[in-house]
Amino acid sequence: MTKKILTGISLAAMLSLNANAQQLPNGTFDADWVKCYPWEKGEKVTSDYGIQPEGWCVSNVPNGLMPKVSSEETGADGTGKAVKLSNVSVMGQTAPGYITLGTSWATAETKLTTVRNADGGVFGGIEFTYHPDALQLQYKHDICKGEESMSIIAYLWKGTWTQLDVPSNTATGVFSYGTAEKVTMIDRGNNILGKECLQGGEISKTDDAALIAVAEKYIAEAADEWTTATVELNYGEFAGQPVDVEKLNIVISVSNFFGDRESIVDGNSVCIDDVQLVYYHALSALSYEGQELNFDEATTSYDLSTEFYDASKLSYTVKGQAATVSSNYDEATALLTIRVEGEDIASNPESFTEYTIQFATQPEPEPLLGDMDGDGVITVNDINLLIKSYLESKGE
């Protein structure tokens, strides 16, 4: 059998990859916006500073002088809400604009307008147990103030990371540098992702701690119109393997989130909307008798009517970290149906794809020689009918 024997006979519409199960809180940003209480010194400040979408945290710095990094904009479809994030500065200090499911934080020690020991980022996230395959969002990217790459980052993990002596606030001084207060930080993003920490002490983790999957994309090109970005999660050593997930964090930043802080460009901005998780439900490969076939995941019906079905000769690869597959063979019609369901099928009934393969039908069995009445058994009646037929052929 050659590869050409399996030919697609119908081209389905492109598979719908969007899902609704264990999605993000307020991923459209159309729900309520709430007051922002930035975090420092191990707790949230008592005075609000700007607003943010409920369920998210923006990177406002509560020093009373720094402009606010976020504002509410019109949504990507011309209705609803979107988030605009901007890099801002005051007195020579520039703060990056970003949003996260965790908690944003920043630290620096100043003497008048000079700065030392600057650092910041995110820690924590949300409880999460699913295995999404990608992160998708709509964005606009304004780099009119200078070249800069925006960041789209997502990561799944289990267990806990702990870092001691992390500076936790902007400490101001006049005649000498201020001294930032240090705290113990739990699940700092840099620790989980193995990124360099500019400030902070000893890092430890629980025995079960593991980075399970990460998505990381940097976009340098400007985008004046709403544009779709889809960033796949890389499960690394856990790809295709059953693994428990406990937590999720997402960071979307105007600047290179892990880059040089000196390269943050004041006045650049990013608008984002419709942040959602994607759960795949497709096959990525299909073969029969060990040969790769003329397969693509958007073609869902195949003709193999020159071959008889043998389950041991069929193999396939499932696309989707936690997608499940089942098959059913109808002997009467020789039609094989392979059904792939996304992990979100319980709450998103459209999260499935069915592939059908038409095999050759089995021929009708040859009748038994001498079975004159066709009942599959040779009896005395069959013998009598056979004698009668013989005599009639002789004209007797």
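The following questions and answers go through a predicted model.

Residues are numbered from 1 along each chain as its sequence is written. In this predicted model, local features need pLDDT of at least 70, side-chain atom pairs count only at pLDDT 80 or more, and totals for chains, interfaces and linings use all residues, while side-chain values use heavy atoms, with hydrogens and water left out.

Trainee: How many helices and strands are in the chain?
Mentor: Helices (H or I, at least four residues) and strands (E, at least two) are DSSP runs, numbered from the N terminus. By that rule the chain has two helices and 31 strands.

Trainee: What share of the residues in the chain is buried?
Mentor: Buried means under 20% relative accessible area, exposed over 50%, and partly exposed in between, with a 1.4 Å probe and protein chains only. Of the 396 residues in the chain, the buried share is 44%.

Trainee: Which strands are the edges of the open sheet of five strands?
Mentor: Two strands pair if DSSP finds at least two bridges between them. The order is β7-β8-β24-β15-β22, with antiparallel pairing. An edge strand pairs on one side only, and this holds for β7 (70-74) and β22 (223-232).

Trainee: In β24, what is the bridge partner of Gln138?
Mentor: Strand β15 covers residues 134-142 and strand β24 covers residues 269-278. They pair in the antiparallel sense over eight bridges. In β24, the partner of Gln138 is Asp273.

Trainee: Why is the pair of Trp39 and Phe123 called edge-to-face?
Mentor: Rings of Phe, Tyr and Trp (its six-membered ring) pair if their centres lie within 6.5 Å; planes under 30 degrees apart count as stacked, over 60 as edge-to-face and the rest as tilted. The structure holds 12 aromatic pairs. The ring centres of Trp39 and Phe123 are 4.9 Å apart, and the pair is edge-to-face because the planes stand at 65°.

Trainee: How many residues apart in sequence are the parts that this pair ties together?
Mentor: Both Trp39 and Phe123 are buried. Trp39 lies in strand β3 (residues 39-40) and Phe123 in strand β13 (residues 114-123), so the separation in sequence is 84 residues.

Trainee: Which ring has the charged end of Arg339 over it?
Mentor: A charge sits over a ring if NZ of Lys or CZ of Arg is within 6 Å of the ring centre and within 35 degrees of the ring normal. The charged end of Lys319 sits over the ring of Tyr280, 4.5 Å from its centre. For Arg339 the distance to the ring centre is 4.0 Å, and the ring belongs to Phe352.

Trainee: Which side chain makes a polar contact with the side chain of Gln163?
Mentor: A polar contact is a pair of N or O atoms within 3.5 Å; within protein, one must be able to donate a hydrogen and the other to accept it, and residues adjacent in sequence count only if both atoms are side-chain atoms. Gln163 lies in strand β17 (residues 161-167) and is buried, with a relative accessible area of 1%. At 3.3 Å, the partner is the side chain of Asn191.

Trainee: Where is Asn26, and which backbone nitrogen does its side chain reach?
Mentor: Asn26 is in the loop between β1 (7-11) and β2 (33-35), and it counts as buried at 15% relative accessibility. A polar atom of its side chain lies 3.2 Å from the backbone oxygen of Glu54. At 3.1 Å, the side chain of Asn26 reaches the backbone nitrogen of Ala31.
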